[in-house]
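Welcome, and please take a look at the model below.

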Amino acid sequence: MKYENIYIEEEKQWATITINRPTKLNALNKRTIEELHVAFKELDEDPEIKVIIITGTGEKAFVAGADISEFAHFSVKEGRQLSAMGQKNLFNLIENLTTPVIAAINGFALGGGLELALACHFRVASSNARMGLPEVSLGVIPGYGGTQRLPQLIGKGRAMELIMTASMIDADKAFAYGLVNHVVSPEELLPLCEKLASRISNNSTVAIKHAIKAVNAGFKYDADGYAVEIDAFGHCFGTDDFKEGTTAFLEKRKADFPGS
Ligand code: COA
């Protein structure tokens, strides 16, 4: 697929996806969601890519939401479809990806933009970032998983207040809430994410894949997280990465994981 609204930069072990619609503050239109779907799937299937970082172009916005101009005239049926397809094709896809995904929040992360960050495995923000779910100010609610993932991350009361007031919080408050793991200057944002990506890349990709699955299971109403953990833990014992990791430890050397 030829990308129009995103671009991808690949390093040795990780890739950075940049959403590139600066004149619309990187708002997520249909085309961008389709491109992100393809990009995430392709990068996840690439064994060389061990971490994916997602960010927005420019210094102003990560993503300022779903593209309001596209859905302003939607019917009930179309609204439902927009939410269902978005959740399936992008937001749930990212959450359940086997490759770790870091959101580098470089400015406004509003509505669908915050929901995109919430679907990632963890988040890092620059000091100028502003986050919120302003949907009720438009007469709608968050539809890309925000009503579920925000309370999971920051607690029900804080999420209710943010959603009901439609207000934005700054990076320091997001850090205090546990919404983002680190706050750094705009210049330090991508270098820190790359440092974290490098650290993750040294570890077993197979074990990380199982860890993501087990952690996610704890947040699903129809899954027993402890049972998923037992299965995933057991599965690791049959992998080459486990043999290499334990052997390297016993031989007092750094592990060189084959990724299988
Ligand atoms: N959908 C579509 N277009 C958007 C957008 C969105 N979610 N967010 C910003 N844009 C567009 C604006 O319409 C404007 O386009 P134009 O120049 O063609 O008129 C451009 O991006 C710049 O935005 P602007 O509002 O002029 O910038 P600002 O600095 O004054 O305000 C925001 C920044 C983020 C506060 C403001 O753009 C905003 O409130 N955006 C919508 C946020 C939102 O409600 N998101 C949830 C959607 S469900």
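## Largest pocket

Domain 1 (6-201) and domain 2 (205-250) each supply at least three residues to the lining of the largest pocket; the domain bounds come from an automatic or database domain assignment. This is a predicted model, where local features need pLDDT of at least 70 and side-chain atom pairs count only at pLDDT 80 or more, while totals for chains, interfaces and linings use all residues. Residues are numbered from 1 along each chain as its sequence is written, and side-chain values use heavy atoms, with hydrogens and water left out.

The space in the largest pocket is about 770 Å³ (a volume is the space filled by probe spheres set on grid points, which are joined across faces, edges and corners). A pocket here is an open set of points on a 1 Å grid over the protein atoms alone where a 1.4 Å probe fits, with protein on both sides within 12 Å along at least five of seven lines; lining residues have an atom within 4 Å of a point. H9 provides the largest share of this lining, five residues (helices are DSSP runs, H or I, of at least four residues, numbered from the N terminus).

## Second largest pocket

About 540 Å³ of space lies in the second largest pocket. Among its 24 lining residues, Phe71, Leu82, Glu135, Val140 and Ile141 lie nearest the centre. H3 contributes the most here, four residues.

## Thr205

Thr205 belongs to helix H9 (residues 205-217). Its contacts (heavy atoms within 4.5 Å) include Lys50, Asp241 and Gly259, leaving aside residues up to four places away in sequence.

Technical notes
Helices (H or I, at least four residues) and strands (E, at least two) are DSSP runs, numbered from the N terminus.
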